[in-house]
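Colleague: Please set out the packing and the charged pairs in this structure, with the criteria stated for each term.

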Amino acid sequence: MGFALEPRRQESRLANIAAPVIAVAATLIVGAILFTLLGHDGLAAVWHIFIAPLFNPYRWQDLLVKAAPLAMIATGLAIGFKANVWNIGGEGQYILGGLAGTGVALATLDMSGAWILPAMILGGIFGGMAYAAIPAFLKVKLGVNEILSSLMLNYVAIQLLYYLMRGPWKDPMGFNFPQTAMFSGDQTLPYVVPGTLIHLGVPIAAALALTAWGVMTRTVAGFQFRTVGAAPKAARFGGFSASSTVWLALLIGGGMAGLAGILEAAGPFGQMVPQFPTGYGYTAIIVAFLGRLNPLGILVASLVLALTYVGGESAQTVIGLPSAATGVFQALMLFFLLGVDILVRYRLVRLEPAKKTETAEVSAPKTGVARA
């Protein structure tokens, strides 16, 4: 007797909504047990990472600031995932967007004017799009898997960042630290809430998610992405080009990741530094799936994952939790989310033991030798 997974005839809408909640709950429980076994206070770890920041009004501004780039990148990735275009290069596109916008900033460092910040933002968007165009070209023209090409380009982007910070873009007045010059007032994001860290990128992220939701649910372009992802043959009969969908999905994802990059450089960082790769591009993949590839759900999911960053920093100082705890909780969340999703799409059935069939024994006829 054994068990097997059998596809469900129709997925439950309630189960789809409940899956992220179950995954988060399982993450908290297993995370607490795991860190207790490792010699830490597991319950305190869960409390300081996931709960304490919610009751601290000063930490809410940190949550919103860290959730903004996650929401932007995840929204762009989710559009591609809906079309079965698996862009795993959000981290590299985020870095290239930050570098492209920083290039504009360094070129205009001695200038002033309200036009500089929009030019940096456009540079960031186009930088991310240009980097995403590489796996798009390889996919459409050469049939290269976009998962592998976009993932490998992340490491190229990081090395390019290190080269620029230690070479051409290094601030000569920076006491030999590998970083660019600080951005000027016209090159940094304004704060939308005085006296807080909440900058212009936060409402931009919310507006983009709402816009993406409208596009994906109310326009022909959104219908094209959903159809190409769900039924490629039907999409071809409907006149939707798979190649153009790949290009659009990757360029949109790259543009939004690049936008997140330059808003981070012009916001919390105020310059470009080697520590700029924060793993947002990878974490955004978890955000996209935790939000069920729905831009509105992504806004909520980005706050949940932002908790792991904000709470993780607090847990390091309060209870001495290692910095790797943030990554552990994020990995657990992805693991449980994928596991619960399997049960949403499939049901576990018991295999009946095979019936034994009795076979008649056929004996060969005896042959004798005649004696003379």
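Modeller: Ile286 counts as buried because its relative accessibility is 8%, where buried means under 20% relative accessible area, exposed over 50% and partly exposed in between (1.4 Å probe, protein chains only). This is a predicted model, in which local features need pLDDT of at least 70 and side-chain atom pairs count only at pLDDT 80 or more, while totals for chains, interfaces and linings use all residues. Residues are numbered from 1 along each chain as its sequence is written, and side-chain values use heavy atoms, with hydrogens and water left out.

Colleague: With which residues is Ile286 in contact, leaving aside its neighbours within four places in sequence?

Modeller: Ile286 is found in helix H11; helices are DSSP runs (H or I, at least four residues) and strands likewise (E, at least two), numbered from the N terminus. Its C-alpha atom is separated by 8.2 Å from that of Leu305, 19 residues apart along the chain. Contact means heavy atoms within 4.5 Å, and on that criterion the partners of Ile286 are Leu305, Gln330, Leu334 and Leu337.

Colleague: At roughly what angle do the axes of H11 and H13 cross?

Modeller: Thr283, Ile286, Phe289 and Leu290 in H11 meet Gln330, Met333, Leu334 and Leu337 in H13. Axes are lines fitted to C-alpha atoms, for helices over the stretch in contact, and angles run from 0 to 180 degrees between N-to-C directions. The axes of H11 (residues 280-290) and H13 come within 10 Å, and the crossing angle is roughly 35°.

Colleague: Is Asp62, which meets Arg59 in a salt bridge, buried or exposed?

Modeller: A salt bridge is a side-chain nitrogen of Lys or Arg within 4 Å of a carboxyl oxygen of Asp or Glu, and the side chains of Asp62 and Arg59 meet in one at 3.0 Å, N to O. Because they are three residues apart in helix H3 (residues 57-82), the two are separated by about one helical turn. With a relative accessible area of 17%, Asp62 is buried.

Colleague: Which salt-bridge partner does Lys66 have, and how many residues apart are the two?

Modeller: The side chain of Lys66 meets that of Glu313 in a salt bridge (3.7 Å, N to O). The pair links distant parts of the chain, Lys66 being in helix H3 and Glu313 in helix H12 (residues 295-318). The partner is thus Glu313, and the separation is 247 residues.
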